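Please read the briefing below alongside the sequence and the model.

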Amino acid sequence: MNIIARALLLILTTCPALSQSVESEPRKSWGPIVLKEDDRPTFSPPPEGWDKRREGIPHGKLTMIEYDSKTVGTRRRMNVYTPPGYTSETKLPVLYLLHGIGGDETEWERFAHPDVLMDNLLADGKAVPMIVVMPNGRAQKNDRPTGDVFKHAPAFAVFEHDLLDDVIPTIEARYTVQADREHRALAGLSMGGGQALNFGLGHPLLFAWVGGFSSAPNTRKPAELLPNANATKHLRLLWLSCGSKDGLFSISQDFHAWLKTQDVPHVWHVTDHEHDAPEWKQALYHFLQQLTFSAVAPTGGEISPQKGGSSKIGK
């Protein structure tokens with residue numbers, strides 16, 4: 001167990017106020033890890049040099065932009081990757097990539113360098129050009145990860161409105177994008193993984209590609225995430241991944257098991273990592289390659305919103 005995980009476990013077990021708040025969440029925070037036969041890697045480890053900046057290939061651009069959040073009532077920031085050669089001439093799909101409870105709009109870039117991963121994958125023909133948006137999932141006026149970050153948990157739920165009403169409309173107004181569900185993906189790590197599953201599956205009219213990496217206790221229970229399992233017929237990708245040494249493993253494992261009972265197609269990728277940066281970095285590397293953004297939608301009839309879902313950005 002790494003330093004962050006040990007610190008989190010210590011806090012959860014020794015701080016009564018925090019323990020009470022965690023117990024009020026939908027899922028237990030920590031529990032014994034019992035591996036099952038299918039808790040194994042779906043993908044091989046990345047090749048040598050996969051995460052190193054390479055010379056002699058085209059490079060994309062990272063830009064920190066600001067936007068006015070009606071939800072929060074302040075001006076906020078998000079980090080945006082545009083691929084090599086991006087111009088307003090070509091409409092691109094978008095991945096909205098969310099951070100953990102102790103992070104912010106810079107977290108993914110600090111430990112995983114999505115720009116480097118994307119540049120390398122594009123150069124090797126293993127990914128399609130896309131815009132990657134890394135917003136701040138802590139929707140409150142002081143959105144810095146300072147003090148007791150666990151007290152910020154309610155702001156991560158509020159972010160659902162900031163994402164739908166402010167973040168996505170801003171991106172679709174400033175960048176040339178394919179503004180439909182077939183070309184819109186949502187994924188995140190830990191707290192952001194819970195957000196991605198909650199918001200992505202809660203709004204099937206808006207997201208066709210959804211991924212949770214080491215999802216945290218803010219993740220809704222399986223039957224609440226998918227009260228209508230038929231809605232997943234329209235998903236292009238439902239991704240779950242986690243390290244087998246992660247104290248939060250059962251959250252993803254339980255959802256995977258439930259999806260199996262419902263015959264819902266999904267990816268279940270388990271490594272020997274903990275709740276740590278190497279796990280999320282390799283998960284992103286593999287996840288990016290699954291985002292083919294095909295223009296052909298899956299069959300299955302009309303798409304119905306989940307409970308509380310919306311069919312319109314900015315509604």
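In which helix is Leu-201 found? Leu-201 is found in helix H6; helices (H or I, at least four residues) and strands (E, at least two) are DSSP runs, numbered from the N terminus. This is a predicted model, in which local features need pLDDT of at least 70 and side-chain atom pairs count only at pLDDT 80 or more, while totals for chains, interfaces and linings use all residues. Residues are numbered from 1 along each chain as its sequence is written, and side-chain values use heavy atoms, with hydrogens and water left out.

**Overall make-up**

- The chain has nine helices and eight strands.
- Of its 315 residues, 54% count as buried (under 20% relative accessible area; exposed is over 50% and partly exposed in between, with a 1.4 Å probe and protein chains only).
- Among contacts (heavy atoms within 4.5 Å) between residues at least 6 apart in sequence, 78% join residues at least 24 apart.

**The sheet**

- Eight strands form an open sheet in the order E1-E2-E4-E3-E5-E6-E7-E8, with mixed pairing; two strands pair if DSSP finds at least two bridges between them.
- Strand E1 (61–69) and strand E8 (267–271) are the edge strands, each pairing on one side only.
- From one strand to the next, the twist averages 20°. For such angles, axes are lines fitted to C-alpha atoms, for helices over the stretch in contact, and angles run from 0 to 180 degrees between N-to-C directions.

- Strand E6 (residues 209–213) is largely enclosed by the rest of the structure, because five of its five residues are buried.
- In a regular strand the side chains alternate between the two faces of the sheet.
- Both faces of E6 are covered: Trp-209, Gly-211 and Phe-213 are buried on one side, and Val-210 and Gly-212 are buried on the other.
- Strand E5 (residues 184–189) runs parallel to E6 and is joined to it by five bridges.
- Trp-209 of E6 is the bridge partner of Ala-185, and Gly-211 of E6 is the bridge partner of Ala-187.

**Helices lying across the strands**

- Helix H6 (residues 191–202) lies across E3, E5, E6 and strand E7 (237–243), and runs at about 150° to E5.
- Helix H4 lies across E1, strand E2 (74–82), strand E3 (94–98) and strand E4 (131–135), and runs at about 25° to E2.

**Packing of H4 and H9**

- The axes of helix H4 (residues 114–123) and helix H9 (residues 277–290) come within 10 Å and cross at roughly 40°.
- H4 is therefore oblique to H9 (angles under 35 degrees count as roughly parallel, over 145 as roughly antiparallel, 65 to 115 as roughly perpendicular and the rest as oblique).
- H4 contributes Pro-114, Leu-117, Met-118 and Leu-121 to the contact, and H9 contributes Lys-281, Leu-284, Tyr-285, Leu-288 and Gln-289.
- By class, this contact of H4 with H9 has seven nonpolar, one polar and one charged residues (Ala, Val, Leu, Ile, Met, Phe, Trp, Tyr, Cys and Pro count as nonpolar, Asp, Glu, Lys and Arg as charged, and the others, Gly among them, as polar).

**Leu-201 and Thr-232**

- Leu-201 is buried, with a relative accessible area of 4%.
- The C-alpha atoms of Leu-201 and Thr-232 are separated by 8.2 Å, and the two residues are 31 residues apart along the chain.
- Thr-232 is in the loop between helix H7 (222–225) and E7, and counts as buried at 9% relative accessibility.
- Leaving aside neighbours within four places in sequence, Thr-232 is in contact with Leu-226 and Val-264.
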